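Biologist: I would like to learn how to read a sheet. Can we take it step by step?

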Amino acid sequence: MEEGKVPPDLFSLSDSDAESTENHTSENFVISGGARLGGGANVGVDLATNVPDEDEAVQGVAQRFRKNRISNLEISAPSLDAQAQSADVDESVLQSFVLDALDAEPEPAPEPEMPEPAPAPETARIDVEHTGRIESKAPPSQIQPALTCPHCAANNPPGMKFCVECGGSLSVSKGGEEVKRKIPPPSELSRKENPWKISLVSINEDGSDGVEIPLQYLETTIGREGDTRFPTDAFLSPKHARLHVEKGELFIEDLYSLNGTFLKLRDEVRLTPGDTFLMGRQVLRFERFEQSITPKTKSSDGTRYMGSPSPGGNFKVLQIGIGGVIQNVYCLPESGAVLGREKGDIIFPHDKFMSSRHAQIYTGDDGHCYLVDLNSSNGTWIKIWERTRLHDVDFIFMGQQLFRISTKSR
């Protein structure tokens, strides 16, 4: 694989998804030579894309456990046959017994006595009196509810400013109502000519350069629907991202897309909880532990906790599957970790698109964590949250489309 090449089957479509995707063809522009991209802005060009082979869908990992329902107790009368077989039973007594059995009503089963609920504790404590399990109970006032994203309805840990799924703002107004940020409409700049020679160069599946897409206007929207369209790419949102040309410089912003817009790392980048990055076929998210526990942490009665040795760090890396399912959680030691296919602290041995030693997360002198690529073949990609400046020879990745930025003055 050549430098800057994202694996062509990083994501895949099933046959049903491919058939359901609307198939458009270009009316004014024909792309030859197997190029995946092409066309300028605001020209109404629909661009085709190569759809990879079908991958196995991620199997469901959640299972419901239901308690067995308590069936009604059946009260049965003594067997008449057994009574008839007894030699000492008189016929009149037997007839009286049958009538009594028919008229009798079964007594209801006594309700089990429920223990009185214990009073709510004022402080966090450990309760192992009845269950035998360690249960941490904290006052309701100290429990912070999860934040629901107003854009995609995903649950987010308390304290987050942006959604970990779509990147939308989680801020609330003074009245307590959620602020839902909608996709901003195109401005007048989308109809103004771009005087600078700035273009996107598509990257073919073999790593070679494909079609060059000049940015004819100062503002260009990319997606399944937009100025430059890729209608068959089911991983692109209808309006996925927007490019802005300002005084000869190029900027990109994600339009709250479902799968995000990614920028290939050139240098190290500082990580904050909620950041998402790509390595090979892996979608990984950097998060902080909800609570901090040291090896000497004790319960309220002085008993120390039993458990696996703590890695010593306060952060973790989550492996995100299809549909946002968390497939694995990796604890980051305080000093950081190396990620790769064969060598490192966190390995993915079955990912053929990942290098042996692919990237590293380390703790800087300022106490913050940083992500750096270790000269991998396919690169490491960080999800952008805000408007980001792009430079010449930068690579951006969205849906299944891979571009190289080309900025040359006229």
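Modeller: We will go through the sheet, its pairs and its side chains.

Modeller: This is a predicted model, where local features need pLDDT of at least 70 and side-chain atom pairs pLDDT 80 or more, while totals for chains, interfaces and linings use all residues. Residues are numbered from 1 along each chain as its sequence is written, and side-chain values use heavy atoms, without hydrogens and water.

Biologist: In what order do the ten strands lie in the open sheet?

Modeller: Strands are DSSP runs of E, at least two residues, numbered from the N terminus. Two strands pair if DSSP finds at least two bridges between them. Here the order is β7-β6-β25-β24-β12-β22-β14-β15-β16-β17, with antiparallel pairing.

Biologist: Which are the edge strands?

Modeller: They are β7 (209–214) and β17 (326–332), and each pairs on one side only.

Biologist: What does β12 pair with?

Modeller: Three bridges link β12 to β24 (residues 395–398), and the two run antiparallel. There, Thr261 stands opposite Met398. β12 also pairs with β22 over three bridges, again antiparallel. In that pair, Leu263 faces Ile382 of β22.

Biologist: How many bridges join β14 to β22?

Modeller: Three, between residues 276–279 of β14 and residues 380–383 of β22, in the antiparallel sense. Leu278 has Trp381 as its bridge partner in β22.

Biologist: Which way do the residues of β12 point, and are they buried or exposed?

Modeller: Buried means under 20% relative accessible area, exposed over 50%, partly exposed in between (1.4 Å probe, protein chains only). In β12 (residues 261–264), Thr261 and Leu263 point one way. Phe262 and Lys264 point the other way, and all are buried.

How values were computed:
Helices (H or I, at least four residues) and strands (E, at least two) are DSSP runs, numbered from the N terminus.
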